[in-house]
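Hi everyone, thanks for coming. Let me put the sequence and the structure up on the screen, and then we can walk through them together.

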Amino acid sequence: MVETSAKKRVALVGNPNAGKTSLFNALTGLHQKTGNYPGVTVEKSEGECQLTFQKVDVVDVPGLYSLTPVSTDEEVATSVLLDEGADLVVYVLDGSNIERNLFLFSQLADHDLNVVVALTMTDILMRSGGDFDIARLSTLLGVEVVPVIPHKGIGIPELKEAMERAIEDPHTLELDVGFPKVVMDAADRLADHMNRRGIALGLREARCVLLDEHCTTADRFRDLPEHIAAIEEERKAVLGASGQGRTLDAQARYAWAERVRKESILPPQNKKRSKSEIADAFLTHRVFGLLFFLGLMYLVFQSIYTFAAPLMDLIEAGKTALANWVSPMLESTPMVQSLVVDGVIEGVGSVFVFLPQIVILFFFIAVLEGTGYLARAAFLMDKLLGWCGLNGRAFIPLLSSFACAIPGVMAARVMPDQRSRLLTVLVAPLMSCSARLPVYLLLIGAIIEPKYGPAWAGFALFAMHFVGLIVAIPIVFILNRKISKGRRLPFMLELPKYQWPKWRDVFLTLTSRSKVFLQTAGTIIFAMSVLIWALLTFPQAKPGTYQKEYEALSVERQSQISEDEFAELRQREDSALGRFGRTIEPVFAPAGFDWRITTAILAAFPAREVVVPAMGILFGTGADVDEGSPKMVQSMQKATWPDGRPLMTVWSSISLMVFFALCCQCMATLAAVKRETNSWKWAAFSFGYMTTLAYIFSVVINQIGLAVSK
Amino acid sequence: MSSQEKVLTSKDLRTGMRARVAGVEEGQELCPRLLELGLLPGTEFRVTKVAPLGCPVEIDVRGYRLCLRKSETGCLKLVSLEDQEEIAG
């Protein structure tokens, strides 16, 4: 199959949730996230494993239920296994769910593979008083069986030895599942019929053709009508009028699997309810379960707001200290000083400050995933997501999108069919990602909290996270009617037993997420900050340009603003970006945005995080800032329209937050959408529909606000 | 088998209920996957959970737990087995 000189290839194959990823980690040492929801290992992961005498390549094949692929993931998996080939298949057999796992195993026997079985989850059965007869199981399956507990390293050396033996002395898996005699006789006749006519057809292939009209072998006869007649005749002989070949096939395999289980496994003895079941009686209860879910989500978002605050103050203080330290050193060149202090430190710092919140959010997601609660959340939410065309599994990509739409869009791969996958990809960016958090926090902190207190501030933050979700529902509903691609698959889900999260996994998730975030802050945000600074600083006006204008102001206005402050604001207004912002100000004015906010929005189209530094630069820093309060909050509160009306009212700040909640200001997300849908069309569509929605909603909100406050 | 058997639709499924697959309609779109998961003519299962909003349901079949939507089991013909001894949800 594969040339012998090269490094041998080992494929890890098994059902989803069989413990494949854990075993992969144990064999290769290369770390990968393990999760409880199906399809964590959608991407093909490879690693190296050191056996006693050689190194081998290990491929972690995506989880499969059957070698007759129905989903894209399964197509990938079967092609990795069958088309690329492997010197050895390590079949990961979930000992706590042996019958279903043996169904796929029995299909391996149809493809001339060299197999070793790694038996996982043995501890679960043992704990409930069951037992395995490994020797018997090995005999019945016709291959070596090694019990393993991958995350504890138990059985790994033995498995490696078995792998080495199987590679050195390969055997093809032979299995007699025991198809009914009538099937085998018909297959015999059919193979004979074809062989006599010069067409090679093995017994197994003949059986496949008989029992499954979608069998790939059957394609060979598509253009040969005279043979199709022969096939049809034998099919009738075997299946009668019903034609239910796949049922017959599955029945034979499951009957065999049941025999194997009965002969090799002592079932669990204590039948009392497990702790997980007791917990689930509450956590999936029709009243308490939903209340708990809502309460938990509320707690998550509240704690993001509360716990992060002291850390954010610390970072803020560090930023100020850095600016104060650097600033005097650059005194001699005001331009460079301004670039470094106002552009770089302010820009990058104002994004960096949100790291604590991102870490906290990812911490919650990783813990909920690790405990098995995320699968329950999918179970609880399926009905809610299902009626509009999504399903409970979309909950995971959608929840991830609350952290960042990019992993969310990528996580949509767990959706088993094309249609719901596309729907998920299209609405995931509507979920309120952590990059929107800065805008919410800034506006809630500046406008809502001073007016209504911290309880309402927390509620406002909670509510902002629902805006996108609520808007997504009708969007999915409409799109679901328009899109008609891909075949439907039944929704299915397994609820794993509750367990303590593996803290190492949680830690690794947090570090990798933080790294991605800081990399963005260090590159894109850095570059954008400098660019915005430049566009706002040039062209430079001559000193004294605005003196006359200031003198023309009313005394009352003059008492509000010093001449220097005024000149600085006017300078920004006359800068390249300011002019552009002012040109299109009329477009955004109905939404309650002046040229400064408009300019910040424009600057933030490539990456919405940029809006905060942009607003920071645009709103400028007054000379008379209080020591204790952050500069930007103060200057936002003080900002006015030219006629002196306050710019940021409660309504206009809600309008702005909703704009950010719905708008697709993220190049990276659009790139991810393009990659996942394989078309720029869908990326452009995402951008278009979200921007339109954002604009309409913010205009409506601001207009309602204007009407109400009259 | 039992005299208590009666035909069920998936809407009737309640926590604790036992049922048997009496037949399948293989031609239906969602059926092949259910077959591969082990829901075959003659297979018995028990409903272990019904989600708060009425759907999906979790069943115990062939020693494992599987969540499915009621509306997507249409290709399975179900009959109820008397639901004894189970603690009602």
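How many bridges join strand 1 of chain A to strand 3 of chain A, and do they run parallel or antiparallel? There are five bridges, and strand 1 and strand 3 (residues 55–60) of chain A run parallel.

Some housekeeping before I go on. This is a predicted model, where local features need pLDDT of at least 70 and side-chain atom pairs count only at pLDDT 80 or more, while totals for chains, interfaces and linings use all residues. Residues are numbered from 1 along each chain as its sequence is written, chains are lettered from A and ligands numbered from 1 in the order in which they are written, and side-chain values use heavy atoms, with hydrogens and water left out.

Back to strand 1 of chain A, residues 8–14. Strands here are DSSP runs of E, at least two residues, and helices are runs of H or I, at least four, numbered from the N terminus. Two strands pair if DSSP finds at least two bridges between them. Within strand 3 of chain A, Val58(A) is the bridge partner of Val10(A). Strand 1 of chain A also has five bridges to strand 4 (residues 88–94) of chain A, again parallel, and there Gly14(A) sits opposite Val92(A).

Is this strand buried or exposed? Seven of its seven residues are buried, meaning under 20% relative accessible area with a 1.4 Å probe, protein chains only. In a regular strand the side chains alternate between the two faces of the sheet. Here both faces are covered, with Lys8(A), Val10(A), Leu12(A) and Gly14(A) on one side and Arg9(A), Ala11(A) and Val13(A) on the other.

Now to the interface. Chain B brings 32 residues to the contact and chain A brings 43, with contact meaning heavy atoms within 4.5 Å. About 3,400 Å² is buried between them, 58% of it from carbon and sulfur atoms; that is the accessible area (1.4 Å probe) lost on putting the two parts together, summed over both. On the chain B side, Arg33(B), Glu36(B) and Pro52(B) lose the most area, together 20% of what that side buries.

Glu36(B) also forms a salt bridge with Arg246(A), at 3.2 Å, N to O.

Finally, strand 9 (residues 492–493) of chain A and strand 5 of chain B are joined by two bridges and run antiparallel. Leu493(A) stands opposite Cys67(B) there.

Methods. Salt bridge = Lys/Arg side-chain N within 4 Å of Asp/Glu carboxyl O. Buried < 20%, exposed > 50% of the residue type's maximum accessible area, 1.4 Å probe, protein only.
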